[in-house]
Amino acid sequence: MLGSLQANMNRQGVNTVQKGCCNACEKPIVGQVITALGKTWHPEHFTCNHCNEELGTRNFFERDGFPYCEKDYHNLFSPRCAYCNGAILDKCVTALDKTWHTEHFFCAQCGQQFGEDGFHERDGKPYCRNDYFDMFAPKCNGCNRAIMENYISALNSQWHPDCFVCRDCRQPFQGGSFFDHEGLPYCETHYHAKRGSLCAGCSKPITGRCITAMFKKFHPEHFVCAFCLKQLNKGTFKEQKDKPYCHTCFEKIFG
């Protein structure tokens with residue numbers, strides 16, 4: 001019957017030459033044909049391998065010998081952006097063993113895209129240089145700001161070199177020597193001032209023997225009569241207006 005139908009159509013000028021078998025239904029193709037992937041198809045059988053929509057003359061992509069519409073191909077096989085999980089269709093950034101849309105590769109803290117300084121990684125996330133150091137770098141015990149380069153380690157803390165100075169006078173330490181008072185660095189003078197061990201006579205630190213008098217401390221050689229400047233012994237002086245006098249001078253002046 002098929003043969004007689006083809007003969008009748010041929011006599012009427014309609015070409016019924018078989019154009020091969022359809023790759024999908026394996027039946028002969030007579031009429032319109034689509035040739036793709038080195039095979040022939042009925043137009044209605046050339047469909048996306050995932051959604052089964054007809055591809056017709058639309059763009060399609062091939063995977064393992066099967067055709068896919070553009071949408072399904074990208075959803076199934078294109079790399080995914082680590083930020084939005086969307087398919088990456090164009091340019092991408094590869095970093096931290098992941099792929100990213102170029103517009104989605106930015107600092108996880110401030111949201112700014114990276115410049116010439118590049119990025120720093122922490123727990124699989126990218127950070128700009130400033131935010132990385134602000135969030136994760138050790139802090140200077142002097143100014144509490146991030147330490148990015150050289151630092152001094154002292155008193156169980158880290159310090160910017162410019163911040164490791166006497167807590168009172170803000171002067172750097174001569175020869176690197178400093179004194180610890182309650183976990184903070186001081187020069188020798190202000191360390192003794194904090195501890196109340198400056199000589200009331202010369203205003204210099206007392207590191208050895210001292211005399212305590214009039215609620216003050218003195219080097220023994222600096223505890224002298226305010227008038228004749230002779231050295232006094234504790235308990236053998238007279239006081240007048242917060243000044244010490246020997247007995248002789250006290251009697252002469254105030255007697």
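1. The side chain of S197 makes a polar contact with the side chain of H192, at 2.6 Å. A polar contact here is a pair of N or O atoms within 3.5 Å; within protein, one must be able to donate a hydrogen and the other to accept it, and residues adjacent in sequence count only if both atoms are side-chain atoms. This is a predicted model, in which local features need pLDDT of at least 70 and side-chain atom pairs count only at pLDDT 80 or more, while totals for chains, interfaces and linings use all residues. Residues are numbered from 1 along each chain as its sequence is written, and side-chain values use heavy atoms, with hydrogens and water left out.

2. Stay with S197. It sits in the loop between helix 4 (188-195) and strand 13 (211-213). Helices (H or I, at least four residues) and strands (E, at least two) are DSSP runs, numbered from the N terminus. S197 counts as buried because its relative accessibility is 12%. The classes are: buried under 20% relative accessible area, exposed over 50%, partly exposed in between (1.4 Å probe, protein chains only). Leaving aside neighbours within four places in sequence, S197 is in contact with H192, K204, P205, I206 and K217. Contact means heavy atoms within 4.5 Å.

3. Next, the cysteines. How many disulfides does the count come to? The count comes to zero. A disulfide is a pair of cysteine sulfur atoms within 2.5 Å. For C169, the closest cysteine sulfur is in C166, 3.6 Å away, so the two are too far apart for a bond. C202 is in no disulfide either; the nearest cysteine sulfur, that of C199, is 3.8 Å away. C169 counts as partly exposed because its relative accessibility is 25%. C202 is partly exposed too, with a relative accessible area of 26%.

4. Now the charged pair. The count comes to one salt bridge. The rule asks for a side-chain nitrogen of Lys or Arg within 4 Å of a carboxyl oxygen of Asp or Glu. D242 forms the bridge with K216, and the closest N and O atoms are 2.9 Å apart. The pair links distant parts of the chain: D242 is in the loop between strand 15 and strand 16 (243-245), K216 is in strand 14, and they are 26 residues apart. Side chains of opposite charge can pair when their charged atoms come close. D242 is partly exposed, at 38% relative accessible area. K216 is partly exposed as well, at 29%.

5. In helix 2 (residues 70-77), D72, Y73 and H74 are buried. Their cover includes strand 3 (60-63) and strand 4 (66-69). In helix 3 (residues 129-136), the buried residues are D131, Y132 and F133. These pack against strand 7 (120-122) and strand 8 (125-127).

6. F227 lies in the loop between strand 14 (216-218) and strand 15 (238-240). F227 counts as exposed because its relative accessibility is 56%.

7. F254 is partly exposed, with a relative accessible area of 36%. Apart from neighbours within four places in sequence, F254 is in contact with Q240 and Y245. F254 and Q240 are 14 residues apart along the chain, and 8.8 Å separates their C-alpha atoms.

8. Last, backbone angles. Most residues other than glycine have a negative phi, and most peptide bonds are trans. E26 has a positive phi, near 60°. E26 lies in the loop between helix 1 (2-11) and strand 1 (34-36). E26 counts as exposed because its relative accessibility is 65%.

9. E182 also has a positive phi, near 55°. E182 is in the loop between strand 11 (179-181) and strand 12 (184-186). Is E182 buried or exposed? At 71% relative accessibility, E182 is exposed. E182 and P161 are 21 residues apart in sequence and 20 Å apart in space, C-alpha to C-alpha.
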